[in-house]
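Subject: Structure handover

Hi,

Here is the structure I promised to pass on. Have a look at it first, and then read my notes below.

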Amino acid sequence: MRIDIITVLPELLKSPFEASILKRAIEAGLVQVNFHNLRDYATGGYKAIDDTQFGGGAGMVMMIEPIDKCISKLQAERNYDEIIYMTPDGETLNQGIANHISLKENIIVLCGHYKGVDQRVRDKFITKEISIGDYVLSGGELGAAVLCDAVIRLIPGVLGNETSALTDSFQDGLLAPPIYTKPREYDGMKVPEVLFSGNFPEIEKWREEQAYKRTKERRPDLLNDE
Ligand code: ADE
């Protein structure tokens, strides 16, 4: 998979890709992540990438021309399956969207800034608009990092144990069950006996029950048996 991220603040975005799972995925060649500084596509003496709103109103708007130049250059080099714009008014990111995107070959992620981009950018290029939650960030960069992390860990081969993404919360529509490791008892708190039984169908049944119980308590909205 190849991800091209368009941003005015590449330095804000780089560190998540320089550690742990994302770093290993890049080093293993399972994903290629490229940063494009929008400022490099700006024209004019001031290299402006934003301007005031037509019709008045507070806040600057990102201009179409530098974005058009950057996206058009990328599109001339390869086909893109999805051109995503990070914005608080997009579809809220969930595991289903992450799964869908993880199957793509080439994607562009455009990070908004200031008040956002000129509507014509959205009309001309954008195939998907994604929000990471109902709150407003200073820019799309942190959202793009969240999206890329959620997507990259789903690419086959990225996680050491192939099954571990399959047992994540949400992957089967439920939250994950409680998990334990050594010691068997800590400060009087014991690990549930069933986990030492060696009876794997029984353990699986316990995990499913716990996942269901936790989902019902914390996120009943995820259950459609209400
Ligand atoms: N840009 C600003 N706020 C955002 C959000 N909640 N999600 C994605 N991009 C954003």
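Buried here means under 20% relative accessible area, exposed means over 50%, and partly exposed is in between. Keep that cut-off in mind for what follows. Also keep in mind that this is a predicted model.

Let's start with the ligand. Which residues are around it? They are Met86, Thr87, Pro88, Ile130, Ser131, Ile132, Gly133, Tyr135, Val136, Leu137, Gly139 and Gly140. Sorted by type, that shell has seven nonpolar residues, five polar ones and no charged ones. The largest share of the shell comes from β5, which gives three residues.

How does the ligand pair up with the backbone?

- Ile132, at 2.9 Å
- Gly133, at 3.2 Å
- Leu137, at 3.0 Å

On its own the ligand has 260 Å² of accessible area, and the protein covers 96% of that. Two elements give two or more residues to the shell, namely β5 (82-92) and β7 (128-131).

Now for the record. UniProt has an unreviewed entry whose "binding site" annotation covers Gly112, Ile132, Gly133, Asp134, Tyr135, Val136 and Leu137. I looked at two of these residues in more detail.

Gly112 sits in the loop between β6 and α5 (119-124). Is Gly112 buried or exposed? Its relative accessibility is 7%, so Gly112 counts as buried. Setting aside residues up to four places away in sequence, Gly112 touches Met62, Tyr85, Met86, Gly139, Gly140 and Glu141. Of those, Met86, Gly139 and Gly140 also belong to the residues around the ligand.

Ile132 is in another part of the chain, the loop between β7 and α6 (141-152). Ile132 has a relative accessible area of 23%, so it is partly exposed. Beyond its neighbours within four places in sequence, Ile132 is in contact with Met86, Leu93, Leu137, Gly143 and Val146.

Asn106 is part of strand β6, which spans residues 106-111. With 15% relative accessibility, Asn106 counts as buried. What does the side chain of Asn106 have at 3.0 Å from one of its polar atoms? That is the backbone oxygen of Asn79. Asn79 also turns up among the residues that Asn106 touches, together with Arg2, Arg78, Tyr80, Asp81 and Glu82, if residues up to four places away in sequence are not counted.

Asn34 belongs to strand β2 (residues 32-37). Asn34 is at 18% relative accessibility, so it counts as buried too. Its side chain makes a polar contact of 3.4 Å with the side chain of Asp4. Asn34 is also in contact with Arg2, Ile3 and Ile5, again leaving aside neighbours within four places in sequence.

Then there is Met63, in the loop between β4 (60-62) and α3 (64-77). Met63 has 27% relative accessibility and therefore counts as partly exposed. Which residue lies twelve places from Met63 along the chain, with 6.7 Å between the C-alpha atoms? It is Asp51. Asp51 is in contact with Met63 as well, as are Ala48, Ile49 and Asp50, with neighbours within four places in sequence left aside.

Last, a few backbone details to look up while you have the model open:

- Lys182 and Pro183 are joined by a cis peptide bond, with omega at about 0°. Pro183 is in the loop between α6 and β8 (185-186).
- Ser20 is not a glycine, yet it has a positive phi of about 55°. Ser20 lies in helix α2, residues 20-27.
- Tyr114 is not a glycine either, and its phi is positive at about 55°. Tyr114 is found in the loop between β6 and α5. With a relative accessible area of 39%, Tyr114 is partly exposed.

Cheers

Conventions: Residues numbered from 1 in each chain as written. Predicted model: local features only at pLDDT ≥ 70, side-chain atom pairs only at ≥ 80, totals over all residues. Heavy atoms only, no water. Helix = DSSP H or I, 4+ residues; strand = E, 2+ residues; numbered from the N terminus. Buried < 20%, exposed > 50% of the residue type's maximum accessible area, 1.4 Å probe, protein only. Polar contact = N/O pair within 3.5 Å; in protein donor to acceptor, adjacent residues only side chain to side chain. Contact = heavy atoms within 4.5 Å. Near = heavy atom within 4 Å. Areas by Shrake-Rupley, 256 points an atom, 1.4 Å probe, with all protein chains shown as cover. Nonpolar A, V, L, I, M, F, W, Y, C, P; charged D, E, K, R; others polar. UniProt positions renumbered as here; feature names shortened; annotations may be inferred.
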